[in-house]
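This briefing reviews selected packing features of one structure, grouped by topic. Please consult the sequence and the model shown below while reading.

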Amino acid sequence: RDMIVNGSLPKMDMMRNVPLGFDATTELQMVSYMIIITYKIANMFGVYNVNFAAALMPVLLFLLTIIVFFLFVREIFNSEDKKSRIKANIIALISTFFMITIPSFLSRTVAGIPEKESVAFFFMFASFYLILKAWKSKKTINYIIFSVLSGIATALMGLTWGAVTYIYVT
């Protein structure tokens, strides 16, 4: 609610880690912004409150995550010939199906619980996909564009969750 009223997060969130509070400038910033983005999108279709947007946000990001994951896996196995593209699509579909049905992944993206993982998974797979697209680019301009976009996705992952180091290590 502070973001809707004031336009930004307070430096210290006194509702977390009581009585010391939580420094909101270090981590989890992007989760709050994604809830507000979901709130604004939801209110294009009706009148909804912030709690509804917070409950809906993990589901929307889950949908975006599975799309980006599909594109990422397809890009890993994609090649120039048509037969390879068909195989890449099949592998990506099977991989995406497994990711969708894994209980440990589902519990982090369930509706009603605005956790950082649903946001982080989207930015992590987007970053991996864009890094791979940049790596495979033959034109310098495409290489630069995909590299900058992967850097942005990595930075947004860093604003979401400290597990951004997974991207760096990979």
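Ser118 touches Met57, Pro58, Leu61, Thr65, Arg108 and Thr109, when residues up to four places away in sequence are not counted. The model discussed here is predicted.

- Ser118 is a residue of helix α6, which spans residues 116-136.
- The relative accessible area of Ser118 is 0%, and this residue is therefore buried, the cut-off being under 20%.
- A polar atom of the Ser118 side chain lies 3.2 Å from the backbone oxygen of Glu115.

**Packing of helix α2 against helix α6**

- Helix α2, formed by residues 29-42, packs with α6 at an angle of about 95°, and the axes of these helices are 9 Å apart.
- That angle makes α2 roughly perpendicular to α6, because values from 65 to 115 degrees fall in this class.
- On the α2 side, the contact is made by Met30, Val31 and Met34; on the α6 side, Lys116, Val119 and Phe123 take part.
- Sorted by class, the contact of α2 with α6 comprises five nonpolar residues, one charged residue and no polar residues.

**Aromatic pairs and a cluster**

- Nine aromatic pairs are present in the structure.
- In the pair of Phe105 and Phe121, the ring centres are 5.0 Å apart and the planes stand at 45°, so the pair is tilted: stacked planes would be under 30 degrees apart and edge-to-face planes over 60.
- This pair links distant parts of the chain, with Phe105 in helix α5 (residues 103-106) and Phe121 in helix α6, 16 residues apart.
- Phe105 and Phe121 are both buried.
- One aromatic cluster is formed by Phe62, Phe105, Phe121 and Trp161.

**Asp23**

- Asp23 lies in strand β2, which consists of residues 22-23.
- The relative accessibility of Asp23 is 24%, so this residue counts as partly exposed, a class that lies between the limits of 20% and 50%.
- Asp23 is in contact with Lys11 and Met12, leaving aside its neighbours within four places in sequence.
- Between Asp23 and Gly151, the separation is 128 residues in sequence and 25 Å in space, taken from C-alpha to C-alpha.

Notes. Residues numbered from 1 in each chain as written. Predicted model: local features only at pLDDT ≥ 70, side-chain atom pairs only at ≥ 80, totals over all residues. Heavy atoms only, no water. Phe/Tyr/Trp six-rings, centres within 6.5 Å; stacked < 30°, edge-to-face > 60°. Helix = DSSP H or I, 4+ residues; strand = E, 2+ residues; numbered from the N terminus. Buried < 20%, exposed > 50% of the residue type's maximum accessible area, 1.4 Å probe, protein only. Axes fitted to C-alpha atoms, helices over the stretch in contact; angles between N-to-C directions. Parallel < 35°, antiparallel > 145°, perpendicular 65-115°, else oblique. Contact = heavy atoms within 4.5 Å. Nonpolar A, V, L, I, M, F, W, Y, C, P; charged D, E, K, R; others polar. Polar contact = N/O pair within 3.5 Å; in protein donor to acceptor, adjacent residues only side chain to side chain.
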